[in-house]
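This report looks at selected helices, side-chain contacts and surface features of one protein structure. Please keep the sequence and the structure in view while reading.

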Amino acid sequence: MDIDDLKARILAGERRALARAITLVESGRADHRADALRLLESLKGHGREALRVGLSGTPGVGKSTFIEAFGLKLTAQGLKVAVLAVDPSSARSGGSILGDKTRMERLSRDKGAFIRPSPSQSQLGGVARRTREAIDLCEAAGFDVVLIETVGVGQSETMVAEMSDLFLLLLAPAGGDELQGVKRGIMEMADILLVNKADGELKRQAIRTCADYAGALRLLRKRPQDPEGFPKALPVSALEEEGLQKAWDEMTALADWRRAEGHFAARRAAQARFWFEAEVRDRLLARLVREPLKGAMRSMAGQVENGEISPSAAAEELLRAHLMLE
Ligand SMILES: Nc1nc2c(ncn2[C@@H]2O[C@H](COP(=O)(O)OP(=O)(O)O)[C@@H](O)[C@H]2O)c(=O)[nH]1
Ligand SMILES: [Mg+2]
């Protein structure tokens, strides 16, 4: 594969080259992986620093509707918007985001937008790496905003928050006691809560829900990366396209403040370190279930069972022989 050519075309903002590069980083083939790493390294320091926005919410809350309306609003202002999806469940459900791309019909036709559906990949570690690298590729291709959507299954919210500059939680209007349905840990990760469906008969309930969430947010411990008034809760209607500009204004105000105060760069640096450590951990663990370690583990386990060697001595010997550890 001609990596230099691919690089040049990505930097020129060519959609097809970007799509091809994302396919490359998704590939499990060893030669593809080597090409992908070479490409990513050569793109480092090029392109643009996008605003990476993570968006999570339960199915049906309106993520697709919101992303389409919000994305169109941004492209209308001349911004280039990329949409990536993290859906660890898509392997099982057969790729729900595929249906979403057809739903985001207007946005996918927009010249200022790029939508990449989630591939079916069951391993969370694989999904994380693929998405992280796809974000880098979108930045190299000159996108201003990268929206990363997740359905919030298992660890996926944490994962998306660890690759976003801003993390948004999309919520539905609810009765007072339902607020507790949102896990505290997820609430603590959020920078802005958006209460969607603030329209028609649901409008009043949405505004009340928003006030309830604002109250709950005030009870959380203040974070150093927040200016006065953040995190905050806002009502929006993705369907009627209400509150979207306000949401964007709040997002840019928060990002600007964090840039000026050094929190923006510090967060990216901490994230880079987090993913480096996670990758080393994942790859070490992956070696345990492959040969030759897999067989060595099995035979060593047999010796431990027979009492020929103690568990600790066996572990020591195995690691020394196969991982060249001290
Ligand atoms: N009333 C109202 N309905 C909405 C709004 N946003 C989404 N919906 C509806 O909620 C349902 C689920 O929306 P969808 O975007 O597919 O949710 P997702 O599963 O989170 O991606 C659809 O029937 C939408 O039309 C909104 O702002 N107001
Ligand atoms: Mg959806």
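Helices (H or I, at least four residues) and strands (E, at least two) are taken here as DSSP runs and numbered from the N terminus. The model is a predicted one, in which local features need pLDDT of at least 70 and side-chain atom pairs count only at pLDDT 80 or more, whereas totals for chains, interfaces and linings use all residues. Residues are numbered from 1 along each chain as its sequence is written, chains are lettered from A and ligands numbered from 1 in the order in which they are written, and side-chain values use heavy atoms, with hydrogens and water left out.

**Helix α3**

Helix α3 covers residues 30-43, and its 14 residues should span 20 Å at 1.5 Å a residue, which agrees with the 20 Å between its end C-alpha atoms; the expected span is 1.5 Å times one less than the number of residues. A residue is called buried under 20% relative accessible area, exposed over 50%, and partly exposed in between (1.4 Å probe, protein chains only). The buried residues of α3 are His-32, Arg-33, Asp-35, Ala-36, Leu-39, Leu-40 and Leu-43. They cover an arc of only 165 degrees around the axis, which puts them on the same side of α3, the arc being that of the directions from the helix axis to the C-beta atoms. Ala-30 and Glu-41 are exposed residues on the face of α3 turned away from its buried side. After α3 comes Gly-45, whose phi is positive, near 85 degrees.

**Salt bridges**

A salt bridge is a side-chain nitrogen of Lys or Arg within 4 Å of a carboxyl oxygen of Asp or Glu, and a search of the whole structure finds 28 of them.

| Pair | N to O distance |
|---|---|
| Arg-33 and Glu-133 | 2.6 Å |
| Asp-35 and Arg-38 | 3.6 Å |
| Asp-136 and Arg-52 | 3.7 Å |

The salt bridge of Arg-33 and Glu-133 links distant parts of the chain, with Arg-33 in helix α3 and Glu-133 in helix α8 (residues 124-140), 100 residues apart; both residues are buried. Asp-35 and Arg-38 both lie in helix α3, three residues apart, about one turn of the helix. Asp-35 counts as buried at 15% relative accessibility, whereas Arg-38 is partly exposed, with a relative accessible area of 45%. For the bridge between Asp-136 and Arg-52, the linked parts are again distant, Asp-136 being in helix α8 and Arg-52 in strand β1 (residues 51-56), 84 residues apart. Asp-136 and Arg-52 also belong to a network of salt bridges, whose members include Glu-49 and Arg-268.

**Aromatic rings**

Rings of Phe, Tyr and Trp (its six-membered ring) pair if their centres lie within 6.5 Å, and planes under 30 degrees apart count as stacked, over 60 as edge-to-face and the rest as tilted. The structure holds four aromatic pairs. The rings of Phe-66 and Phe-70 have their centres 5.0 Å apart and their planes at 15 degrees, so this pair is stacked. Both residues, Phe-66 and Phe-70, lie in helix α4 (residues 63-76), four residues apart. Phe-70 also forms an edge-to-face pair with Trp-248, at 6.0 Å centre to centre and 70 degrees between the planes. Since Phe-70 lies in helix α4 and Trp-248 in helix α12 (residues 244-261), the pair ties together parts that are 178 residues apart in sequence.

**Toward the surface**

Met-297, in helix α14 (residues 293-305), is partly exposed, with a relative accessible area of 37%.
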